[in-house]
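User: Could you take a close look at one helix-helix packing and tell me what surrounds it? Please spell out the cut-offs as you go.

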Amino acid sequence: MPIKLEIQDLSKYVIILTGATDVSAELPGKIALTSSGANYFGEIDFDNLNLEKGNYWNFLKSYGNTKLMNIIVAKELGRLVQNDNITTYSLHPGLIQTNVSHLNSTFSNILNRLIIKISGEITVEQGAINTLYPVFSLENKETGKYYDEGIEKEPNKVANDQEVAKKLWDVSEKILKDHGMI
């Protein structure tokens, strides 16, 4: 499996499905999954979920796919939990130059820096505020919402497809079971 699929999508299922997160809590709780504006480039192709049949070299495609998956998981988790005390969100903190890109190829890093220069980089502090806003804002009571730099926005339209969400959840759970992770 590609490292992006494992880390950015499947890792959250391990936490949720192994019970590390008690989503039946009586006390209020919020679950926020980090996404990206790259979700708009994402697509869910169940016949090529790991991008093994092409596009594996395209970091924007694989990154966009996993960030779209994060939004879908946040929405689906909120639907499955059906607990007024638990609220789920997905969010894009903004374009921040971090050291995470060391895992990318040189070409990907150059392209990433170019995109950040063109689009405008925000500070780490502003990115933190954008990340924490949906979680701590008293205004945010509806589960499954997507926030882009602290502002509620509509994500990729695929994120609202309930059939895709259910299938992604089931397929991800099966992959983890097949690999003995849950």
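Analyst: Helix 2 (residues 59-81) packs against helix 5 (residues 162-178) at about 95 degrees, with the axes 10 Å apart. Axes here are lines fitted to C-alpha atoms, for helices over the stretch in contact, and angles run from 0 to 180 degrees between N-to-C directions. That makes the two helices roughly perpendicular, a label for 65 to 115 degrees. Helices are DSSP runs of H or I with at least four residues, strands are E runs of at least two, and both are numbered from the N terminus.

A word on ground rules: this is a predicted model, where local features need pLDDT of at least 70 and side-chain atom pairs count only at pLDDT 80 or more, while totals for chains, interfaces and linings use all residues. Residues are numbered from 1 along each chain as its sequence is written, and side-chain values use heavy atoms, with hydrogens and water left out.

Now for who touches whom. From helix 2 come Met 69, Ile 72, Val 73, Glu 76, Leu 77, Arg 79 and Leu 80, and they meet Gln 162, Val 164, Ala 165, Lys 166, Leu 168 and Trp 169 of helix 5; contact means heavy atoms within 4.5 Å. The residues of this contact split into nine nonpolar, one polar and three charged. For that count, Ala, Val, Leu, Ile, Met, Phe, Trp, Tyr, Cys and Pro are nonpolar, Asp, Glu, Lys and Arg are charged, and the others, Gly among them, are polar.

Some of these names come back in the largest nonpolar core, which has 14 residues; Ile 44, Leu 49, Leu 68, Met 69, Ile 72, Ala 159 and Leu 168 have the most contacts inside it. Such a core is a set of buried Ala, Val, Leu, Ile, Met, Phe, Trp, Tyr and Cys residues joined through side-chain atoms within 4.5 Å, with buried meaning under 20% relative accessible area (1.4 Å probe, protein chains only). Helix 2 and helix 5 each supply at least two residues of this core, and helix 5 gives the largest share, five residues. In soluble globular proteins, nonpolar side chains tend to be buried together.

Setting aside neighbours within four places in sequence, Ile 44 is in contact with Leu 49, Asn 65, Leu 68, Met 69, Ile 72, Val 158 and Val 164.

Terms used. Angles under 35 degrees count as roughly parallel, over 145 as roughly antiparallel, 65 to 115 as roughly perpendicular and the rest as oblique. Buried means under 20% relative accessible area, exposed over 50%, partly exposed in between (1.4 Å probe, protein chains only).
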